Amino acid sequence: MVSIRPPAVAGLFYPAETQALSALITEQLVANSLSTHKQPIAIIAPHAGYIYSGPIAATVFQTLQAHRNTIKRVVIIGPSHRYYFHGLALSSADEFETPLGTVPIDKTTQELLLSATDSKILDQAHQNEHCIEVQLPFLQSVLTDFSIIPIVTGETSAESVTDVIDLFATDHETLIVISSDLSHYHDYHSAQQIDTQTSQSIITLDYNSIDSHQACGHTAINGLLLAATNYQLTASILDQRNSADTAGNKDSVVGYGAYLFEA
């Protein structure tokens, strides 16, 4: 029997009804389209509720549409928000489900990760976690046929994330997605200053300069920056805004950024 990880935040972070979700994503992709890019090696995308971070995420996800038939595997790496553990958590499920359907997990490649990286099967880390899930409807909307490797980071090093990326960095059929928001709960202008500094660190590949105050997914981001340095990738910022720019007030905001990494 196929084991399915059901959606945990449908109806909370994004619409639970299929047609409404599809329409919202289409609207955000069209409204935030940019010039066509060559196929990215990796992207960084935010993972908040779609009314807040969806427009920023759309700016980077829409760049994948031109490569919808080439990308066959997506490695999604994001931070644990609800469960504390050490290492990297994989899922025992066969598929992840969203209102747009199910996405299969590449079980063969997961076995490789279990033997070659600091990873383990830990379903508790995935059960109520949103950082992987909120990326999936966008991916389902811009790619044709793909599998995923969902990885939640616990207490671990950036190098452990780099070890994962090393396995895929030269595979043109694989995309790396780092799931992370930026600063949390500062006033609008303070957040702008902090997030601008973080963006500068990202596009200059300043490995290990980003901490938990700048991005909840700092471990995965730093791991990507180290890999990007090793493979001489070029990083660019496609969008940087915060929740007050999209749907919130300016007293306490969360920052979001969309970044592209190309060879």
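So, Gln232: just after helix 8, this residue takes a positive phi of about 55 degrees. Helices here are DSSP runs of H or I with at least four residues, strands are runs of E with at least two, and both are numbered from the N terminus. A quick word on the source: this is a predicted model, where local features need pLDDT of at least 70, side-chain atom pairs count only at pLDDT 80 or more, and totals for chains, interfaces and linings use all residues. Residues are numbered from 1 along each chain as its sequence is written, and side-chain values use heavy atoms, with hydrogens and water left out.

Okay, back to helix 8. Its 13 residues reach 18 Å from first C-alpha to last, close to the 18 Å expected at 1.5 Å a residue; that expected span is 1.5 Å times one less than the number of residues. How much of helix 8 is buried? By buried I mean under 20% relative accessible area, with exposed over 50% and partly exposed in between, using a 1.4 Å probe and protein chains only. The buried set includes Asn222, Gly223 and Leu224. They pack against strand 2, strand 3 (73–79), helix 6 (158–166), strand 9 (174–179), helix 7 and strand 12, where contact means heavy atoms within 4.5 Å.

On to helix 7, residues 188–203. Tyr188, Ala191, Asp195, Thr198, Ser199, Ser201 and Ile202 are buried. Seen down the axis of helix 7, those buried residues fall within an arc of 155 degrees, so they line one face; the arc is taken from the directions from the helix axis to the C-beta atoms. His189, Gln193 and Gln197 are exposed on the other side. Among the elements covering the buried residues of helix 7 are strand 10 (184–186), helix 8 (218–230) and strand 11 (234–242).

Now the two ends of helix 7. At the start, a side-chain oxygen of Asp187 comes within 3.2 Å of the backbone nitrogen of His189. Just after the helix, Leu205 has a positive phi of about 55 degrees.

What sits in the loop between helix 7 and helix 8? Gln214 is found there, and it counts as buried because its relative accessibility is 8%. The Gln214 side chain makes a polar contact with the side chain of Thr198 at 3.1 Å. For polar contacts, read a pair of N or O atoms within 3.5 Å; within protein, one must be able to donate a hydrogen and the other to accept it, and residues adjacent in sequence count only if both atoms are side-chain atoms. Leaving aside residues up to four places away in sequence, Gln214 also touches others, including Asp181, Leu182 and Ile194.

Last stop, helix 1, residues 18–31. With 14 residues at 1.5 Å each, helix 1 should span 20 Å, and its end C-alpha atoms are 20 Å apart, which agrees. Leu21, Ile25, Gln28 and Leu29 are buried. They cover an arc of only 100 degrees around the axis, which puts them on the same side of helix 1. Those buried residues pack against helix 2 (50–61) and helix 5 (136–142). Gln19, Glu27, Val30 and Ala31, on the other side, are exposed. At the start of helix 1, a side-chain oxygen of Glu17 reaches to within 3.1 Å of the backbone nitrogen of Gln19.
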